[in-house]
Amino acid sequence: MDQSISFWVYVIIYGLLSVALYKLFNQRALYPLHMLQLEGYEESEYRAWLRANGDKIKSFRYQTTSQKTPLVMTDRAKRLFKVHRQLNGLLLGLIFILSVALYGMSPYISIVVFAVLCALVHFYQYLILIYANRINYPREMKINQGFYDAAQKKVRELKEQGLQVVGITGSFGKTSTKFITSTVLEEGFRVQNTPSSYNTPMGLSKVINNELDDKDEIFLAELGAKVPGEIAEVAELVQPSIGIITAIGPTHMHLFKTIENIQKTKYELIEALAEKDVAIFNYDNDYVKPLADKTKQRTIRYGMENIDKLDVYAKDIAVHERGSSFTLGFKEGGEVRAETKLLGKHNISNLLAAASVAYVLGMEPEAVARGIGKVEPVEHRLNIVDGGTGIIVIDDAFNSNPVGARAALDVLAAFETGKKIIVTPGMVELGDMEEEENYKFGKEMSKVVDYAILVGPKRTEPIQKGLLEAGFASDKMIVAKNLDEATASLGRIAVPGDVVLFENDLPDSYDED
């Protein structure tokens, strides 16, 4: 073949291969993009995930994103993926030019260089995404600041018209408390809250800009944080006049390192309150109690213990399989009997947080109790699911903290008929305390369950140890590789009349499979 013709044949082949590889590279990048999204686009968190999960992503096999927490192509994800595709196009263009240039030296060298460089780009898609994220970061910050400033201005203007803003934070219980408070306050006010776990500056800004209006009387804002300073940033945005700390415990310990750091971070909400504002505390929580005692603003304490020190309390608690009842008391407002569909003692604590807000806003005890009776369980937070099979399913898939896990076991123990079965991968994000807390969880579990189905052989090792050391029968403990395998095992064990507790459901970034 004429050399010039041969050259152009190579150019065309390289060109066609480059187009095909471009699509292949972008397809491979979807899984890392999903993991980066789950880590909040934080490079440090994404790199930590890479170190812990190198076998999943540092290979040529393709991973698919799960429907459990699927990749959502938000505007930010689209902008980031566009930059990523541009980097892939640039790299492929450079490889194409280099390979064509090397053709004159040796067609074989040209082919080898093209193949090797393309393989490297394909392999390192998970790292190229990091550089795309860095390039995109300044633009995202500029966009975010615009949304933040507009939302902050809107809240300031609405507060001047009478809007009350309630800020809710804590290591756990924030989302449940927010939805419960919304239902209770709707007995007397028009309420706007944020969906699900919207608790970041951008999530809150979106709700404020798009949904909050001058007809709303109360705005409930959930404030989340993974590092010190983030609560202060969100509080500066929403400008609360009432602040609630629901509970403090060992969550996100891999980021906060110490309980003291968590206390300081959650207290940023109270520090954001003006002198005339109101601070509400769960006085049953040992880590919250000292924060309440040092607060200078008007302080409302709620709980179920040491009632003489509380402003809002629950006593005479009667727990049953489908909910509970209790006497709801107000220090200066009398007592009323309340009924709830919610399961677990910790949910009574969340109800008391809502009752405390109602108390501050002047609602009558009977109206508060009426609102409590209307509260529906929050999805994946200790609610009963009736699948029509005769098997009772308790869905606590969102929970991942020691207090909530013990509360879930208490709920399971309240059922008097059928086998008690738990399906769990254990708790995560507890830092240095994670192994010990899961070991304790295993020991507590052994006192309640008839069968334990554990998801993830490595991750559940501390639970396995706790169960066996407590004398739990090894043939009643099933260790599954993933949730599908666990579900199959459950199908072989459970019969009508049994009770199954799904305790925590790890996101895709923790999947061992």
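Figure 1. Arg 459 is partly exposed, with a relative accessible area of 23%; buried here means under 20% relative accessible area, exposed over 50%, and partly exposed in between (1.4 Å probe, protein chains only). The model is predicted: local features need pLDDT of at least 70 and side-chain atom pairs count only at pLDDT 80 or more, while totals for chains, interfaces and linings use all residues. Residues are numbered from 1 along each chain as its sequence is written, and side-chain values use heavy atoms, with hydrogens and water left out. Arg 459 forms a salt bridge with Glu 434, with 2.9 Å between the closest N and O atoms; the term denotes a side-chain nitrogen of Lys or Arg within 4 Å of a carboxyl oxygen of Asp or Glu. Arg 459 belongs to the loop between strand S13 (451–455) and helix H18 (461–469), whereas Glu 434 lies in helix H17 (residues 434–446), so the pair ties together parts that are 25 residues apart in sequence. Helices (H or I, at least four residues) and strands (E, at least two) are DSSP runs, numbered from the N terminus. Glu 434 is buried, at 17% relative accessible area.

Figure 2. The structure holds 17 salt bridges. Side chains of opposite charge can pair when their charged atoms come close. In one of the bridges, the side chains of Arg 190 and Asp 216 meet at 3.0 Å, N to O. Because Arg 190 lies in the loop between helix H8 (174–185) and strand S2 (191–193), and Asp 216 in the loop between helix H9 (201–210) and strand S3 (218–222), this pair ties together parts that are 26 residues apart in sequence. Arg 190 is partly exposed, at 37% relative accessible area, whereas Asp 216 is buried, at 6%. Asp 277 forms a salt bridge with Lys 276, and the closest N and O atoms are 3.7 Å apart. Asp 277 is buried, at 6% relative accessibility, but Lys 276 is exposed, at 72%.

Figure 3. The structure holds 6 aromatic pairs; rings of Phe, Tyr and Trp (its six-membered ring) pair if their centres lie within 6.5 Å, and planes under 30 degrees apart count as stacked, over 60 as edge-to-face and the rest as tilted. Phe 123 and Tyr 124 make an edge-to-face pair, 4.8 Å centre to centre, with 90° between the planes. The pair of Phe 123 and Tyr 126 is also edge-to-face, because the ring centres are 6.1 Å apart and the planes stand at 75°. Phe 123 is buried at 18% relative accessibility and Tyr 126 is buried at 5%, while Tyr 124 is partly exposed at 35%.

**Figure 4. The nonpolar surface patch that includes Tyr 124.** Tyr 124 is found in the loop between helix H6 (107–123) and helix H7 (125–160). Together with Val 112, Val 116 and Leu 120, Tyr 124 forms a nonpolar patch on the surface, with about 340 Å² of accessible area. Patches are made of residues with over 30% relative accessible area and no salt bridge, like charges being joined within 9 Å and nonpolar side chains (Val, Leu, Ile, Met, Phe, Trp, Tyr) within 5 Å. Accessible areas come from the Shrake-Rupley method with a 1.4 Å probe; for residues, only the protein chains shown count as cover.

**Figure 5. Lysine charges over the rings of Phe 179 and Tyr 283.** The charged end of Lys 178 sits over the ring of Phe 179, 5.1 Å from its centre. The ring of Tyr 283 has the charged end of Lys 289 over it, 5.3 Å from the ring centre. The criterion is NZ of Lys or CZ of Arg within 6 Å of the ring centre and within 35 degrees of the ring normal.

Figure 6. Tyr 41, in the loop between helix H2 (30–38) and helix H3 (43–52), has phi near 60°, a positive value in a residue other than glycine. Tyr 41 is buried, at 11% relative accessibility. Asn 306 lies in the loop between strand S6 (298–303) and strand S7 (312–320); its phi is also positive, near 50°. Asn 306 is partly exposed, at 41% relative accessible area.
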